[in-house]
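Subject: Structure handover

Hi,

Here is the structure for your files. My notes follow below it.

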Amino acid sequence: MAKNQSKSAEVSNAVGKIIRQFTQIADTSAYRAVLAQLRHTIGRPLSQSVEIWPWVLSNVPESFIGKYGEVSFQLRAVINTLQIYALYEQGGAEKAGNKDSKESGKSEDQKSYGNMGTALRVLRADEGVRGAMDRRFGVMLTANDYESFYYYLRRLVTLLKSRTKENRQAIDYIRLARDLYLLQLEDPEKVRLSWAREYYRFG
């Protein structure tokens, strides 16, 4: 357990470091380009995602790269979190997202927005679509494997973005990175239950 906690901290630190670098180039063409590059890597193996190598591989510990070049749980969590970041901060949300991201680059002790269940809870605000949103959330939580879970998470984040254009919902990418790492381990129930508790917190 202690070993996993140490690795999850490394994952969170790596994502925080990269996002802080992103915020330094915010509102520039380079920033928009890197977000586009990250979105284009969704569903592609790392070996075919050379455009993001400078951002990712130069900011993660060597231990994240497997001895035989395989993608470790830690590296996958970093990449997937950055892809979620790129999806959510795209387009008109960039300026608001940059502000949130600066805060998200801090440690959890400094700033915390709660987990993804907290962020996605906004989708339940409209009673007219609450049932549909609950079903989508439930499908994600009960996904049989990590890849399916991540697929449904991306869809929910896209919905969150479209439904909160006027009042952006903050996402704690630092915590998300840790959770995505832990979800790949043999016992992901703690993360799933934590997200569910936050999502349904206010009935």
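With which residue does Glu-198 form a salt bridge, and how far apart are the closest N and O atoms? The partner is Arg-201, at 2.4 Å. A salt bridge here is a side-chain nitrogen of Lys or Arg within 4 Å of a carboxyl oxygen of Asp or Glu.

Before the rest, the ground rules. This is a predicted model, where local features need pLDDT of at least 70 and side-chain atom pairs count only at pLDDT 80 or more, while totals for chains, interfaces and linings use all residues. Residues are numbered from 1 along each chain as its sequence is written, and side-chain values use heavy atoms, with hydrogens and water left out.

Salt bridges

The structure holds six of them. Glu-198 also meets Arg-121 in one, at 3.6 Å, N to O. That pair links distant parts of the chain: Arg-121 lies in the loop between H6 and H7, Glu-198 in helix H10, 77 residues apart. Helices are DSSP runs (H or I, at least four residues), numbered from the N terminus.

Glu-198 counts as buried because its relative accessibility is 13%. Arg-201 is partly exposed, at 43%. The cut-offs: buried is under 20% relative accessible area, exposed over 50%, partly exposed in between (1.4 Å probe, protein chains only). Shared partners join Arg-121, Glu-198 and Arg-201 into one network.

Another bridge pairs Arg-178 with Asp-179, at 3.5 Å, N to O. Asp-179 is buried, at 4% relative accessibility. Arg-178 is partly exposed, at 23%.

Nonpolar core

A nonpolar core is a set of buried Ala, Val, Leu, Ile, Met, Phe, Trp, Tyr and Cys residues joined through side-chain atoms within 4.5 Å. The largest one has 55 residues; Val-78, Leu-120, Leu-153 and Trp-195 touch the most other members. Helix H4 (73–88) supplies the largest share, nine residues. Contact means heavy atoms within 4.5 Å. Leaving aside residues up to four places away in sequence, Val-78 touches Val-11, Ala-14, Val-15, Ile-18, Val-56, Val-60 and Phe-64.

H2 (residues 29–40) has twelve residues. Its first and last C-alpha atoms are 16 Å apart, close to the 16 Å expected. That expected span is 1.5 Å times one less than the number of residues. Buried in H2 are Tyr-31, Val-34, Leu-35, Ala-36, Leu-38 and Arg-39.

Glu-147 sits in helix H8 (residues 146–163). Glu-147 is partly exposed, at 48% relative accessibility. Its C-alpha is 9.6 Å from that of Gly-43, 104 residues apart along the chain.

Best wishes

Notes: Helices (H or I, at least four residues) and strands (E, at least two) are DSSP runs, numbered from the N terminus.
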